[in-house]
Amino acid sequence: MALPSFAPDPKKARQYELCIDQGATYRPVLSLVDNEDCVTPIDVTGWTFRMQIREKDQDGALIVELTTANGGVVIVDAVNGQVELLIADTVTDAFTEAQFKCAVYDLEAIDALGNVERIMEGTAVLSLNITR
């Protein structure tokens with residue numbers, strides 16, 4: 001699964017709704033491209049990423065945290081700006097409908113100089129598992 005290419009904008013994070021299938025591995029690939037031409041890949045060598053999905057808002061209960069340190073954000077191709085979000089099927093299987101009633105998230109990138117930029121944010125929805 002691939003998400004659309006994202007051109008980080010220092011003025012505002014890109015809005016995108018995440019749809020997570022309960023009981024399935026969630027692993028979309030994000031392509032970061034230059035904000036000027038929306039084509040040229042951004043080299044993310046030396047960067048780290050962090051993302052949280054929370055119930056309701058920034059004060060809501062943490063549902064899941066993805067980082068480069070915990071393996072939840074994987075840099076697939078640094079030179080070409082390819083980053084994969086990864087939530088194991090065993091984790092998504094434990095998600096509940098109540099948690100995702102108003103779930104929100106954001107994804108932040110920390111460049112090699114330590115600058116932090118929120119590149120993506122929005123709502124997260126859960127598609128309930130039928131097959132067990």
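**View 1. Overall fold of the predicted model.** Numbering starts from 1 along each chain as its sequence is written. In this predicted model, local features need pLDDT of at least 70 and side-chain atom pairs pLDDT 80 or more, whereas totals for chains, interfaces and linings use all residues; side-chain values use heavy atoms, without hydrogens and water. The protein has 1 helix and 10 strands, defined as DSSP runs (helices H or I, at least four residues; strands E, at least two) numbered from the N terminus. From the N terminus, their order is β-β-β-β-β-β-β-β-α-β-β.

**View 2. The largest nonpolar core.** A nonpolar core is a set of buried Ala, Val, Leu, Ile, Met, Phe, Trp, Tyr and Cys residues joined through side-chain atoms within 4.5 Å. The largest one holds 28 residues, of which Phe49, Ile53 and Phe100 touch the most other members. Among the elements giving it two or more residues are β5 (48–54) and β10 (116–127); β10 gives the most, with 4 residues.

**View 3. Surroundings of Phe100.** Contact means heavy atoms within 4.5 Å. Beyond its neighbours within four places in sequence, Phe100 is in contact with Ile20, Ile53, Ile63, Phe95, Ala124, Val125 and Leu126.

**View 4. Cys19 and Cys102.** A disulfide requires a pair of cysteine sulfur atoms within 2.5 Å, and the count by this rule is 0. Cys19 is in no disulfide, its nearest cysteine sulfur being that of Cys102, 16 Å away. Cys19 counts as partly exposed because its relative accessibility is 40%.

Terms used:
Buried < 20%, exposed > 50% of the residue type's maximum accessible area, 1.4 Å probe, protein only.
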